[in-house]
Amino acid sequence: MERDDTTGPLYQVNLPLIAGLALLYLLVGKLSLLFASAQPNTSAVWPPTGIALSAVLLLGYRCWPAIFFGAFFVNATTAVSAATSLGIAVGNTLEALVGGYLVNRFAGGWKVFEAPRNIFKFTLLAALLGTALSASIGIGSLWLGGYVRVPDLGTAWFTWWTGDAAGALIFTPLFVLWGSSPRLHCNRAQLCELALLLAALVMVAGLVFGNVLPGDLRHRPLSFLCIPLLIWCALRFGPREAALASFVLFAIALAGTVDRFGPFAGEPLNTSFMVLLGFLGVMSLTAISVAAGVAQRRMADEARAGLAAIVDSSDDAIIGKTLDGKITSWNTAAQKMFGYTPAQAIGHHVSLIIPPHEVENEQFRVFDRLRRGQAVKLPDTVRLHKDGSLLEVSLAVSPIKDAAGTIIGASSIARDISQHKRLVEALRASEEKFHSMAETVPDILFTMGPDGEPDYTSRRFYDYTGLPKPAGQPISWLNAIHPDDTQRVRDRWQSCIDQGLPFEVEFRLRASDGAYRWFMARSRPIRGGNGRVTKWFGSCTDIEDQKRVQQQREELLRAEQIARAEAEESSRAKDEFLAMLGHELRNPLGAILSSMEILELSRDDGGRAARAKEIMARQLKHLVRLVDDLLDVARVTTGKIELAGQPLNLADSVRLCLNALGEQLSSYEVATALAPVWVIADPTRLEQVITNLMRNAIEYTPSGGKIRVSAGTENDRAIFRIEDNGVGIAADLMPRIFDLFVQDKRGLDRSNGGLGIGLTLAKRLVELHGGTVEAASPGRGRGSTFIVRLPRLAAAPQPPKPDAARNPSAVSRRILVVEDNSDARESLRTILELAGHQTYEAADGLDGVERALELRPDIALIDIGLPGLDGYAVARQIRSSLPGGRIFLIALTGYGQPHDRRMAQEAGFDAHIVKPVDFANLSDTIAKADRAHAGQAPDANPGARPA
């Protein structure tokens with residue numbers, strides 16, 4: 001990984017890296033102190049200096065804590081005090097920081113070993129001066145601590161300085177060069193040569209510094225035998241390999257000297273180390289400097305060879321000459337252009353290729369300006385060919401300066417522009433021809449550059465838009481395009497430019513009178529020899545008439561599709577209505593026919609006959625409602641319905657309808673918010689509207705759903721609202737929701753019945769009352785809302801005088817009503833009280849048993865479907881708890897099958913009444929209770945409804 005500057009870190013400096021560097025410094029430092037002989041903290045072998053200096057050059061100044069703590073612990077773990085260790089650590093840290101700063105400032109930073117000049121600067125600034133700072137501070141700290149005597153200061157200082165300097169010269173190049181570029185950049189042959197070189201170095205160093213040579217040769221100065229191998233490495237490879245070879249030599253030489261072998265083993269050990277490391281430091285400096293110089297020379301030669309190849313392979317004639325005009329170089333292109341070989345041209349005056357009539361002018365135009373250091377450009381001039389013909393060329397002449405800045409010659413670059421000028425002239429003639437043709441066609445023609453900027457627009461554009469034709473580049477078309485089309489055209493055009501694709505788009509273009517007409521613009525890219533777009537050519541055609549015809553055709557097609565869809569929808573609605581009508585009529589007619597058959601076959605069975613009559617009555621009522629709805633729709637549609645308007649409390653009408661639908665609403669969660677609000681309305685028709693809307697909510701809301709009913713005032717209108725969380729209304733159905741025979745999809749069972757006319761009838765009746773009705777739904781599965789608004793009376797009318805009370809029943813009875821539906825319980829209680837009876841009530845089975853045992857009423861009306869205890873269990877508990885008492889028990893239920901009656905009779909009921917409760921039937925049943933109390937036996941079939 002490499003850097004772009006001399007001070008930035010090579011890697012991310014972080015705590016683990018600091019700790020690792022400190023540990024490395026500590027380990028290498030402790031190993032180096034093993035070679036200390038004169039003083040425990042002073043060693044002539046000190047590689048940590050190279051480690052510290054390399055860290056600063058590669059990682060930056062922020063790595064100083066690692067150097068400081070590493071140096072501190074190296075010395076603190078020897079026989080010196082903490083204060084002395086602190087002083088030595090400060091010296092070692094400053095040595096690395098100061099040396100690194102000087103190298104960064106004056107010697108190229110971490111690239112110091114790429115140039116011999118910088119290597120010698122490194123030696124002076126870092127290896128000699130920087131290490132002297134560390135030696136001075138370190139020895140001073142030892143002296144102050146009493147660990148070095150004054151007579152030994154010189155030897156100790158020189159030993160310290162020698163170890164640090166050698167460590168910097170041997171180890172800093174190794175770590176910096178391999179740390180900044182760790183990969184080998186050589187082929188297999190070079191790799192084999194490097195391995196052979198290192199093997200030879202190991203062998204020779206082993207002979208010189210090992211116990212191999214005869215005794216009389218072991219201590220001879222044979223270290224020079226290693227120098228050729230280092231020079232071989234420097235010449236054949238680079239500074240990295242030279243640093244590696246120097247380190248290998250250092251390791252072998254140090255090991256041999258420690259064992260007292262080699263040329264430097266004759267002196268005391270400390271002296272031997274200093275002399276050895278001085279030799280190794282100089283060898284390392286020499287090898288790396290030679291390698292850097294060779295590498296620089298090799299790069300310079302390669303650069304010159306590359307430059308020569310560029311000049312020789314150029315299509316332009318490149319000519320070197322002196323300031324007197326003598327030709328000094330002549331490339332291949334010059335030979336081709338002017339006909340002279342290099343041998344024929346070099347050494348001659350440049351007037352060889354200048355027409356005679358231009359020679360004198362050339363002296364003033366070119367050579368006088370070159371001597372003043374000015375470059376000369378002649379974009380269009382002539383030169384002379386060997387055969388005497390003239391060449392049109394563009395010429396650029398530049399002065400050549402030496403290292404001192406002195407002008408020593410000039411270089412000329414000539415390019416033959418004869419062919420180019422012919423092409424330009426042909427292009428100009430072609431463009432004139434194109435422009436002449438473009439001005440005569442009715443379409444707008446245009447051309448654009450490769451970047452999409454217009455460079456030509458025919459006059460037809462300016463005539464049509466009334467925009468002035470600018471003197472320079474054509475005006476932007478976006479100024480005349482309709483604002484609604486501008487961004488679309490811009491995006492499409494930019495996309496085609498980016499991808500080089502043909503452009504085609506329709507847009508509206510403003511005419512001079514301000515009107516817009518539709519145009520079709522088409523443009524195709526023109527590509528050069530390299531495949532790149534060099535120009536765009538296009539046309540713009542008026543398509544307003546085609547657009548109008550197309551629009552009319554689309555409108556007719558759309559109208560035809562709408563009419564067809566309406567006809568198909570009408571036909572489908574008619575078919576569905578007929579199917580629904582058949583279904584709705586067949587069900588009650590089938591029940592009536594069956595009941596008539598029962599009457600025919602069961603003439604003597606009073607119970608079955610009564611039941612058959614009851615079924616017939618109910619189904620006839622259903623048929624009457626269907627027929628009434630159909631007749632009402634017909635009357636409303638034809639305007640033959642008449643309203644009997646009177647003041648009404650809308651809230652009362654809503655309550656009345658809710659009570660009438662009590663059984664149908666029993667399986668829903670119904671919430672009401674009814675505020676008094678008075679309107680003028682036909683009570684029957686108003687109830688018909690409310691009932692139809694309520695039945696619609698019931699029909700399309702699953703059992704257990706929520707229905708909210710509210711009535712009140714909104715501004716000056718009376719408002720009635722029904723909200724449910726049912727299946728909702730689809731968006732495509734919403735516009736037709738009040739149309740005749742329109743219904744949403746339902747299952748085949750059609751359990752709720754209906755012909756799809758309820759909403760239509762409700763809407764027409766509301767409108768006859770001067771009101772409005774609207775529907776809303778967020779969508780499928782999200783419920784629906786119907787809102788009715790009617791004219792509101794400003795004040796409530798005076799209440800009418802009360803009518804005389806209804807004649808109470810001849811016999812007043814104490815009656816207990818056990819019913820969980822509060823509305824049904826209240827209405828039943830009201831009817832009984834109006835009939836003169838004394839009534840009590842209970843809301844569930846347990847309460848019903850307790851109230852019956854406590855009150856012991858004459859009659860108990862008990863609903864079968866009670867919470868807690870059902871009606872059967874209530875009857876059984878009452879009978880078992882009052883064996884001697886006599887309470888007439890009447891079952892109220894929606895189940896009227898024979899087995900339901902048998903279950904009621906077995907539970908102890910005296911009578912069985914099917915909901916909805918018919919008052920005449922109830923009165924007859926109470927009369928039976930009177931006969932029972934009078935000692936008369938009840939009928940054999942209790943609870944049978946009279947015909």
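**Close-up views of a predicted model**

**View 1. Thr123 sits in helix H5.** Welcome to this predicted model; our tour starts with a single residue. Is Thr123 buried or exposed? Thr123 is buried, because its relative accessible area is 9%, and buried means under 20%. Setting aside neighbours within four places in sequence, you can look for Leu128, Leu169 and Leu285 as the contacts of Thr123.

**View 2. Helix H5 crosses helix H6.** Here we step back from Thr123 to the helix that holds it, H5. H5 spans residues 116–144, and its partner H6 spans residues 153–180. Their axes come within 8 Å of each other and cross at roughly 140 degrees. That angle makes H5 oblique to H6. The crossing of these two helices is right-handed. Which classes of residue make up the contact of H5 with H6? There are 16 nonpolar residues, joined by six polar and one charged.

**View 3. The largest nonpolar core has 61 residues.** Inside this core, the residues with the most contacts are Phe113, Phe122, Phe209, Phe250 and Leu280. Several helices contribute at least two residues each: H2 (48–59), H5, H6, H7 (188–209), H8 (227–236), H9 (239–258) and H10 (269–313). Which helix gives the largest share? H10 does, with twelve residues of the core.

**View 4. Phe113 and the residues it touches.** Once neighbours within four places in sequence are left aside, Phe113 is in contact with Ile119, Phe122, Thr172, Pro173, Val176, Leu177, Pro239, Ile288 and Ala292. One of these, Phe122, is also listed with Phe113 among the residues with the most contacts inside the core.

**View 5. A second, separate core has 41 residues.** To find your way around this core, look for Leu650, Ala711, Leu733 and Leu765, which are among its members.

**View 6. Gly388 lies in a loop between two strands.** The strands on either side of the loop are E3 (376–384) and E4 (390–401). Gly388 counts as partly exposed, because its relative accessibility is 47%. Pro355 is 33 residues apart from Gly388 along the chain, and the C-alpha atoms of the two are separated by 8.9 Å.

**View 7. The whole protein has 26 helices and 22 strands.** To close, here is the setting for the views above. Of the 947 residues in the protein, 44% are buried. Among contacts with a separation of 6 or more, 62% join residues 24 or more positions apart.

Technical notes. Residues are numbered from 1 along each chain as its sequence is written. This is a predicted model: local features need pLDDT of at least 70, side-chain atom pairs count only at pLDDT 80 or more; totals for chains, interfaces and linings use all residues. Side-chain values use heavy atoms; hydrogens and water are left out. Axes are lines fitted to C-alpha atoms, for helices over the stretch in contact, and angles run from 0 to 180 degrees between N-to-C directions. Helices (H or I, at least four residues) and strands (E, at least two) are DSSP runs, numbered from the N terminus. Angles under 35 degrees count as roughly parallel, over 145 as roughly antiparallel, 65 to 115 as roughly perpendicular and the rest as oblique. A crossing is left-handed if the near helix is turned anticlockwise from the far one by less than a right angle, and right-handed if clockwise. Ala, Val, Leu, Ile, Met, Phe, Trp, Tyr, Cys and Pro count as nonpolar, Asp, Glu, Lys and Arg as charged, and the others, Gly among them, as polar. A nonpolar core is a set of buried Ala, Val, Leu, Ile, Met, Phe, Trp, Tyr and Cys residues joined through side-chain atoms within 4.5 Å. Buried means under 20% relative accessible area, exposed over 50%, partly exposed in between (1.4 Å probe, protein chains only). Contact means heavy atoms within 4.5 Å.
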